[in-house]
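Hi everyone, thanks for making time this morning. I'd like to walk you through one structure and how its parts touch.

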Amino acid sequence: MMLKLGVPSKGRLMEKTFDWFAGHGVNIRRTGSDREYSGAVEGISGIDLVLLSAGEIPRELAAGRIHLGVTGSDLVQERIADWEARVSALEPMGFGFADLVIAVPRCWVDVDTLDDLDAAAAAFRAAHGHRMRIATKYHRLVREFLRDAGVADYSLVDSQGATEGTVKNLTAEAVADITSTGETLRANHLKILSDGLIHRSQATLFKSRTAPCDDDVRAVLRTLIGRMELGS
Amino acid sequence: MPSKADILAQADRLHGFFRAAGGQPVHTAILQPAETLLDLYGEDIRARAYVTSDALRGEQMLRPDFTVPVVQMHMDSGADPARYTYMGEVFRRQERDPHRPNEYVQVGYELFDGADPAKADAEVFALFSEVLSPLGLRAATGDIGLLLAAVEGLSTSDKRKAALKRHLWRPRRFRALLDRFGGRAPVPETRKRLLAQLERKGVDAVMAAAGPEIGLRSAPDIKARLVALMQDAAEPAIAPAEAELLDDILGLRETCANALEHLRDIAVDLPSILPALDRMQARLDALSDQGIDVDLLDFEASYGRTTMEYYDGFVFGFYAETRPDLPPVASGGRYDALTRILGQGRAAPAVGGVVRPELVLALSEGAP
C-alpha cells in the first residue's frame with residue numbers, strides 16, 4: 001500500500017507547501033505537463049502524491065482516502081465534525097496565516113466586546129423585528145464560538161465571498177470572516193471586536209486517523225517524519 | 001438494541017395509554033417551515049435540526065420536536081380545554097457523538113387548559129409517572145417560573161432584570177451578568193474609556209467621530225444603547241445579600257415539601273416569589289390528590305435551565321439512576337409563553353411532555 005499525501009494543487013499555497021517540504025529535506029515536484037495534476041516525491045519510495053483543491057483536503061482526510069494532507073486549520077475545524085477524533089495536526093507550517101474574527105461597523109461605538117454584541121443584538125431584534133444577521137461562510141466555528149460566549153438573538157447568513165460588503169448592502173449587520181491584516185475590514189468601515197478572535201488559522205500538515213494503514217504505510221510514514229525531523 | 005418494530009409497538013402501547021387518558025390523537029407534518037423554528041430557537045436549532053430546502057417553500061426542517069406544530073394546530077382550533085397525544089419520529093442532527101441517534105420515536109401528551117394550571121401540571125406529571133412506574137425511575141422537578149419571579153424581585157433596573165431573564169437558560173452567561181450587576185466583576189477598560197468620553201464630549205460628538213453610518217443598525221439604535229449604558233453605569237450594584245438569596249434559590253435541591261418550606265423562609269426577604277410559591281403549593285396539593293408522594297418527590301430549582309428555552313413554569317424529567325449514560329426517558333413542562341408567541345398575542349396556557357419508547361424498551365429488557 002502507498003502512503004497518500006494530499007497537497008494543494010495550485011497557486012501560492014502549492015508553492016509554499018513545496019518550499020516547506022524542501023526546507024524539511026523532502027523534495028516534491030509536479031510531473032507531466034503544466035496542466036496535468038500529477039506529482040512525485042523524490043528520494044522516498046512508497047509515497048503517492050495527490051494534488052487536490054485545498055478546500056477538499058479536509059474531506060479526504062476525514063474519509064481516510066489520504067493519509068497526510070496540507071490545508072488550513074480553519075477549513076479542518078469548520079468542515080470536519082468532531083475533527084480531533086478524525087485527524088491530528090502533525091505540524092503547523094508557518095504560512096497561510098489568517099484570523100477568523102467577528103467584525104462590526106466602526107460606527108457602533110457602543111460595541112467593543114461579545115457582551116456588547118449580545119446586548120446590541122437583543123435591542124436590535126426588539127427594534128427591527130428580526131435577529132441580528134452575521135454574514136459568514138464559517139457557520140460551525142462561528143456558531144460554536146457564539147454559543148460558548150452566550151450570545152443570543154443573532155442569525156447567521158451565508159456569504160461565500162465579498163463578505164465585508166454585506167453590511168453596506170444591508171444583507172447583514174455584522175460579519176465573521178478571515179482576515180490577515182484587517183485592511184479589507186477597515187476599508188469597509190468595519191472593526192474587529194476586542195474579544196472577537198474565533199480562530200487563528202495557518203497551513204498545517206494533518207494526519208488522518210481513519211485512513212487504512214498497513215506495515216508499508218507505517219514504515220514510509222516513519223521514514224518521512226524522521227527525514228523531516230518532526231517531533232511527533 | 002431493540003428493533004424498529006419493537007419500538008413502534010412500545011410507542012403504540014404508550015400512545016394507547018395517553019388516548020385512554022383523554023388525549024385526542026393528532027398528526028403533524030415531518031417537514032416544518034424552518035423560519036418559525038429559527039425565529040423561536042435561534043441559530044442553535046440549526047446545529048441540532050436537519051435543514052433542507054426547495055425552490056418553492058424555501059428552508060424546511062425535519063421535525064425536531066412535536067410541541068411547536070401541536071401548539072400551532074391548537075391555536076388554529078381554539079378549543080379549550082384540549083388534550084392531545086401523538087407519536088412519531090423526531091430528527092436531531094449529531095455533530096459530536098456518533099452513538100447518539102439522529103432519529104428516534106417520541107410519544108407525547110399535551111394539555112391546554114387555562115382554568116386550573118396546578119391541576120393541569122399535576123395531571124400531566126401523574127400520567128407520565130403512572131405509565132413509567134414499572135421502571136423505577138427517579139423523577140426530577142423544577143419551576144422556571146420561580147426563577148423568573150426571583151429575578152423580578154431584585155432591587156435593580158428593569159433593563160438589568162430583562163437581561164438576566166433573557167439569559168436564564170444560559171447559566172454561565174447569567175452568572176457573568178449577575179457578577180457584573182453585583183459589582184463583583186470589574187467593568188472592562190474599554191467600557192470605562194467609552195463612558196469617560198461620553199461624559200466629556202457628549203453622545204453626538206462621540207458618534208460623529210466614529211466613521212460613516214453603515215448597515216441597518218441605525219444611529220438612533222446606537223444612541224439608545226449609549227444612553228442605556230450611561231444609565232446603567234449610574235445604577236447601584238445589586239446588594240450582596242440579594243445576590244445571595246438568588247444563589248440560595250438556584251442551588252436548592254430538596255424534596256418538594258422541604259424545598260417549599262425553605263423557599264417560604266427566603267420569601268420573607270424576597271416577597272416577589274410569593275405568588276410562585278402559592279402556585280407551587282397548589283401544584284403539590286394537586287399532585288397529592290393524584291396520589292404522588294410529594295414528601296419524596298425531588299425539587300431542583302435549577303432544573304430545566306439548560307434545555308430548550310420554551311419552558312417557563314413547572315418542569316419535570318424521569319431518569320434511570322442505574323443508567324446515567326441514557327438521556328431522560330421522559331421530560332416535559334409548562335410553556336405558556338411559547339403559546340403566546342405562536343398565537344401572536346393570544347395565549348393558551350399549556351403543559352405537556354414526551355417519552356422515548358426505545359428507552360422504555362431498553363430499560364424493561366434490562367429489568368429482572
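I'll start with confidence, then take the contact between the chains, and then go inside each chain.

So, please keep in mind that this is a predicted model. For the complex, the predictor reports an ipTM of 0.87 and a pTM of 0.88. For chain B, the average pLDDT is 92, and 99% of the residues score at least 70.

Let's look at where the two chains meet. Chain B puts 31 residues into the contact, and chain A also puts in 31 residues. On the chain B side, the elements giving two or more residues are helix 3 (44-48), helix 8 (171-181), helix 9 (189-201), helix 10 (203-208) and helix 11 (219-234). Which of the elements of chain B gives the most to that side? That would be helix 11 of chain B, with six residues. If you like to think in residue classes, the side of chain B that touches chain A has 14 nonpolar, five polar and twelve charged residues.

Now stay with helix 11 of chain B for a moment and bring in a partner from the other chain. Helix 5 of chain A, residues 114-128, packs with helix 11 of chain B at an angle of about 130 degrees, and the axes are 11 Å apart. These two helices are therefore oblique to each other, and the crossing is right-handed. From helix 5 of chain A, the contact is made by Ala120(A), Ala123(A), Phe124(A) and Ala127(A), and from helix 11 of chain B by Asp221(B), Ala224(B) and Arg225(B). By class, this contact of helix 5 of chain A with helix 11 of chain B has five nonpolar, no polar and two charged residues.

Next, the inside of chain B. The chain is divided into domain 1 (1-136 + 322-368), domain 2 (138-155 + 239-319) and domain 3 (156-238). The C-alpha centres of domain 2 and domain 3 of chain B are 31 Å apart. Where these domains touch, domain 2 of chain B contributes 13 residues and domain 3 of chain B contributes ten residues. On the domain 2 side, helix 6 (144-152) and helix 12 (240-250) of chain B each supply at least two residues, and helix 6 of chain B gives the most, with four residues. That domain 2 side has seven nonpolar, two polar and four charged residues.

And how does helix 6 of chain B sit against helix 7 of chain B, residues 158-166? The packing angle is about 160 degrees, with the axes 9 Å apart. Angles over 145 degrees count as roughly antiparallel, so helix 6 and helix 7 of chain B are roughly antiparallel to each other. This crossing, too, is right-handed. Leu148(B), Val151(B) and Glu152(B) of helix 6 meet Lys161(B), Leu164(B) and Lys165(B) of helix 7.

Last stop, chain A. Here we have domain 1 (3-96 + 203-228) and domain 2 (98-201), with C-alpha centres 32 Å apart. Their contact takes six residues from domain 1 of chain A and eight residues from domain 2 of chain A. Helix 3 of chain A, residues 73-79, gives the most to the domain 1 side, with four residues. And that domain 1 side has no nonpolar, four polar and two charged residues.

Thanks, and happy to discuss!

How values were computed. Residues are numbered from 1 along each chain as its sequence is written. Chains are lettered from A and ligands numbered from 1 in the order in which they are written. This is a predicted model: local features need pLDDT of at least 70, side-chain atom pairs count only at pLDDT 80 or more; totals for chains, interfaces and linings use all residues. Domain bounds come from an automatic or database domain assignment. Two residues are in contact if their C-beta atoms, placed from the backbone, lie within 7 Å. Ala, Val, Leu, Ile, Met, Phe, Trp, Tyr, Cys and Pro count as nonpolar, Asp, Glu, Lys and Arg as charged, and the others, Gly among them, as polar. pLDDT is the predictor's confidence in each residue, from 0 to 100. Axes are lines fitted to C-alpha atoms, for helices over the stretch in contact, and angles run from 0 to 180 degrees between N-to-C directions. Angles under 35 degrees count as roughly parallel, over 145 as roughly antiparallel, 65 to 115 as roughly perpendicular and the rest as oblique. A crossing is left-handed if the near helix is turned anticlockwise from the far one by less than a right angle, and right-handed if clockwise.
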